[in-house]
Amino acid sequence: MIENTTTGKKDLKYLKLLSRSFPNIATAGTEIINLEAILNLPKGTEHFLADLHGEHEAFQHVLRNASGTIKRKVKEIFNETLGTREQKELCTLIYYPQEKLELIKADISDNEELTDWYFITINRLVKVGRNVSSKYTRSKVNKALPEDFSYIIQELLHESAVDPNKQAYVDVIVRTIISTGCADDFIVAMCNLIQQLTIDLLHILGDVYDRGPSPHLIMDILCSYHNFDFQWGNHDILWMGAAAGNDCCIANAVRMALRYGNQSVLEDGYGINLLPLATLAMDRYGDDDCTQFWPKDCDNTDTQISSSLVAMMHKAITIIQFKLEAATIMRHPEFDMNDRLLLDKINEDYTKVNINGTDYELVDHNYPTVNCIAPFTLTADEEAVVAKLNASFTGSEKLRKHMKCLFRNGCIYSVVNGNLLFHASIPLNADGTLKDIDIQGEKYHGKALLDKVGAMIREAYFGATTEAQHEYALDYVWYLWCGKNSPAFDKEKMATFERYFVADKETHKEEKGYYYQLRDNEAICDMILDEFGVTGPFRHIINGHVPVKATKGENPVKGNGKLMVIDGGFSKAYQPQTGIAGYTLVYHSRGFQLVQHDPFTSKEQAVQEGKDIKSTLQLVEMTNRRMMVKDTDIGIDLQQQIKDLQNLLLAYRSGLLKEKAFRPLTNKR
């Protein structure tokens with residue numbers, strides 16, 4: 001019985017609130033039965049992806065095929081009844097239902113033949129749907145159903161085909177779907193449902209933005225995705241800073257887009273006005289071939305003229321970026337980034353630059369907007385460009401929508417089901433201890449550091465208690481992009497100047513922090529997991545940021561299985577280094593599987609030729625028993641709900657609360 005103490009009064013107050021949803025013993029008991037049943041279902045499948053870098057088509061395909069899971073399901077279900085070709089056709093239909101339907105219907109001219117195809121295909125899709133929905137409650141499946149076909153799909157998924165009477169019932173439903181002209185829409189709905197139910201929870205471990213052509217399209221998918229979380233990477237933080245109005249972040253975002261020839265991301269994706277920058281570039285760099293600034297992989301002769309202009313714009317924004325960053329560095333000596341002040345280290349004839357006491361040859365000798373007396377001062381034209389770019393970024397409605405999605409579903413780190421997720425690093429000392437990082441005079445390390453960093457990113461975007469704190473947070477967001485003690489970066493420097501202008505490639509190297517050297521040590525991994533309060537026999541660190549060079553034999557599984565790095569090269573720019581096209585980590589009720597992907601060709605080939613991404617499975621860790629919902633974070637919450645409901649039952653039975661008739665809420669129009 002609940003005692004009449006202060007604590008008891010609080011408990012009783014909570015139980016009174018709970019009784020509004022469960023007004024009597026019957027409703028509370030029914031909910032307990034429901035929750036207990038859910039606890040004993042297999043856990044849903046989680047997918048982990050990192051460093052997508054704008055590769056929209058590859059990302060979309062991996063979602064549609066659930067990292068090869070749907071292909072394996074189809075093989076399990078139909079291996080004895082369908083050949084390889086028919087299985088491939090069914091898989092392609094599930095991945096791209098609308099596009100595949102058009103091709104199939106174009107090849108079938110006979111109505112009777114098409115009707116037969118519809119009948120067979122719908123029945124096959126229902127079998128796949130039954131399989132992927134089997135680990136969920138009816139309630140959860142029903143919530144995922146498309147409104148137009150909800151009742152019909154419920155009937156088909158939950159009726160047994162073993163009973164001849166039931167099979168006749170199912171056949172009538174399917175034939176009626178076809179006869180009423182609803183077959184195409186129904187097939188699309190079933191395929192989308194299969195895709196959704198195959199991935200229960202999606203984790204994106206940072207870096208949607210930059211390098212690839214369509215980060216905005218990836219964000220469109222995520223903003224409407226049924227269940228995902230996001231751990232911000234340094235490239236995402238860069239765009240968050242740009243959207244918040246930090247000029248250094250804006251210049252970097254524009255530079256990266258132009259570097260990879262992705263100006264359409266800015267102009268078409270987010271409505272960023274590049275005309276002022278183009279005008280400045282043509283005026284000041286019109287007689288410069290800008291050799292070092294041509295877009296990467298630009299070998300199409302049809303785009304030479306536009307690429308020439310892009311190269312001029314690329315050089316112009318790069319110089320602007322160095323000037324803007326210099327002002328921030330000088331404003332914050334605590335950032336310890338004076339080694340990045342290099343425009344003033346160029347000699348008078350622009351042939352050499354002095355870096356850390358050594359003179360290096362420059363590959364570019366033309367700097368028309370750099371005044372040797374005041375090299376970090378923006379020209380009037382450059383100031384105008386910066387102001388207009390700032391207005392475009394902060395005023396972009398589409399960018400604001402995507403940032404809202406990142407803040408609503410994301411953070412700098414997460415702990416989910418015994419796994420610690422973050423993009424890049426936990427700064428460490430050489431001896432493996434957590435490194436203290438000074439932020440505004442206070443020391444932070446480990447979990448406290450990431451908590452502070454996450455709060456500052458939000459302050460930069462949403463505002464802080466004072467204007468001074470807001471300005472500092474804005475500057476710190478840029479530091480997180482490229483600062484040596486940033487947990488989202490953690491390298492000695494970002495050698496942007498050297499990579500563009502210095503011939504000696506030794507200067508291009510970016511020395512990684514101690515985390516990257518020590519993360520293969522199981523004891524270090526355990527120490528970090530302890531710091532974040534991650535418990536359990538199967539706990540892991542999962543991150544990306546640094547591509548795993550698979551062709552050189554590097555193993556993505558480190559620390560005796562305690563840490564997994566899943567940046568395998570989704571970005572085409574990194575695929576020559578990694579030798580593959582990305583990893584997906586899949587965590588299902590049996591354990592972990594790492595899926596290694598070959599490069600994706602194109603959506604057209606996938607639809608027309610059934611060309612799937614070739615994926616290789618690697619077993620990382622399998623449990624000796626199947627994991628259930630009760631073993632997950634949701635299971636812990638459900639068990640607490642059961643305890644609360646049991647207390648509510650006790651209150652009803654003891655007379656502390658009176659039962660009421662159940663009246664379901666209705667929507668009043």
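**View 1. Helices H2 and H27 lie alongside each other in this predicted model.** The axes of helix H2 (residues 25–39) and helix H27 (residues 633–654) come within 9 Å and cross at roughly 160 degrees. That makes H2 roughly antiparallel to H27 (angles over 145 degrees count as roughly antiparallel, under 35 as roughly parallel, 65 to 115 as roughly perpendicular and the rest as oblique). H2 passes H27 in a left-handed crossing. On the H2 side, the residues making the contact include Ile25, Ala28, Ile32, Leu35 and Leu39, while on H27 they include Leu638, Ile642, Leu645, Leu649 and Tyr652. Contact here means heavy atoms within 4.5 Å. The contact residues divide into 12 nonpolar, five polar and three charged.

A note for all views: this is a predicted model, in which local features need pLDDT of at least 70 and side-chain atom pairs count only at pLDDT 80 or more, whereas totals for chains, interfaces and linings use all residues. Residues are numbered from 1 along each chain as its sequence is written, and side-chain values use heavy atoms, with hydrogens and water left out.

**View 2. Helices H4 and H7 pack at an angle of about 110 degrees.** Here the axes of H4 (residues 69–78) and H7 (residues 111–133) are 10 Å apart. Their angle makes H4 roughly perpendicular to H7, and the crossing is right-handed. Look for Lys73, Val74, Ile77 and Phe78 in H4, which meet Arg124, Lys127, Val128, Asn131 and Val132 in H7. Sorted by type, the residues of this contact are five nonpolar, one polar and three charged.

**View 3. Helix H12 has several buried residues.** What do the buried residues of H12 pack against? Their partners are helix H3 (56–64), strand S2 (201–204), strand S3 (228–231), helix H15 (263–270) and helix H19 (397–409).

View 4. A disulfide is a covalent bond between the sulfur atoms of two cysteines, counted here when the two sulfur atoms are within 2.5 Å.

Methods:
Axes are lines fitted to C-alpha atoms, for helices over the stretch in contact, and angles run from 0 to 180 degrees between N-to-C directions. Helices (H or I, at least four residues) and strands (E, at least two) are DSSP runs, numbered from the N terminus. A crossing is left-handed if the near helix is turned anticlockwise from the far one by less than a right angle, and right-handed if clockwise. Ala, Val, Leu, Ile, Met, Phe, Trp, Tyr, Cys and Pro count as nonpolar, Asp, Glu, Lys and Arg as charged, and the others, Gly among them, as polar. Buried means under 20% relative accessible area, exposed over 50%, partly exposed in between (1.4 Å probe, protein chains only).
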